[in-house]
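This briefing sets out what can be read from the model shown below, topic by topic. Please keep the sequence and the structure in view while reading.

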Amino acid sequence: MALFAVLATQSPTGITADAFRRRLPEGFAYVRSLVDKGVIVHNWIRVGASGGLLIYEVESHEELNSLLYGNPLSPHLRFEVIPLAGVGGFDPRAFEDSAAAAGDVSG
């Protein structure tokens, strides 16, 4: 499974602000269904800004894209996708090994 942080912001192009607000319940219901299924493992509304931050746990980037664009509001949203790795996925010794292999003995 892969984790992705998605920053979703409103970009209501091709729709009036009033029409966008009327459609918000559809988008919220879609997100709620993904939370209920365990696909979205965390979600937050951004205070003082439009949109939210959601953490998706999916099999692939392709699955994530499918879910993002399955949202009825997706034509009116902008997404920033950030792949995440758990702390256990980071090995600081890998940098030491790379530096040693390159002949860097500073430090």
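Predicted model: local features only at pLDDT ≥ 70, side-chain atom pairs only at ≥ 80, totals over all residues.

R21 and D18 are three residues apart in helix α1, and so are separated by about one helical turn. Their side chains meet in a salt bridge, with a distance of 2.5 Å from N to O.

- The structure holds three salt bridges, and the pair R21 and D18 makes one of them.
- R21 has a relative accessible area of 49% and is therefore partly exposed, since exposed residues are those over 50%.
- D18, its partner in the salt bridge, is likewise partly exposed, with a relative accessible area of 45%.
- A salt bridge also joins the side chains of R23 and E26, at 3.1 Å from N to O, and these two residues lie three residues apart in helix α1, about one turn of the helix.
- R23 is partly exposed at a relative accessible area of 26%, and E26 is partly exposed at 38%.
- D36 forms a salt bridge with R32, where the closest N and O atoms are 3.5 Å apart.
- Because D36 and R32 are four residues apart in helix α1, about one helical turn separates them.
- D36 counts as exposed, with a relative accessible area of 58%, whereas R32 counts as partly exposed, at 46% relative accessibility.
- In general terms, side chains of opposite charge can pair when their charged atoms come close.

**Overall fold**

- The protein has three helices and four strands, which follow the pattern β-α-β-β-α-β-α when read along the sequence.
- Of the 107 residues of the protein, 25% count as buried.

**The largest pocket**

- The volume of the largest pocket is about 430 Å³, and of the 22 residues that line this pocket, F28, V31, I45, G51 and G52 are the closest to its centre.
- At least two residues of the lining come from each of β1 (2-10), α1 (17-36), β2 (40-45), β3 (52-58) and β4 (77-84).
- Helix α1, which also holds R21 and D18, gives the most to the lining of the largest pocket, with six residues.
- By residue class, the lining of the largest pocket divides into 14 nonpolar, seven polar and one charged.

- L3, V41, I82 and L84 make a nonpolar surface patch of about 270 Å².
- V41, one of the residues of this patch, has its place in strand β2, and it is partly exposed, with a relative accessible area of 33%.
- That value for V41 matters for the patch because patches are made of residues with over 30% relative accessible area.
- S11 has its place in the loop between β1 and α1, and at 21% relative accessibility S11 counts as partly exposed, because buried means under 20%.
- S11 and S50 are 39 residues apart along the chain, while their C-alpha atoms are separated by 9.3 Å.

Technical notes:
Residues numbered from 1 in each chain as written. Heavy atoms only, no water. 1 Å grid on protein atoms, 1.4 Å probe; cavity = no way out; pocket = protein on both sides within 12 Å on 5 of 7 lines; lining within 4 Å. Points joined across faces, edges and corners; volume = space filled by probe spheres on them. Nonpolar A, V, L, I, M, F, W, Y, C, P; charged D, E, K, R; others polar. Patch = residues over 30% accessible without salt bridge, like charges linked within 9 Å, V, L, I, M, F, W, Y side chains within 5 Å. Areas by Shrake-Rupley, 256 points an atom, 1.4 Å probe, with all protein chains shown as cover. Salt bridge = Lys/Arg side-chain N within 4 Å of Asp/Glu carboxyl O. Buried < 20%, exposed > 50% of the residue type's maximum accessible area, 1.4 Å probe, protein only.
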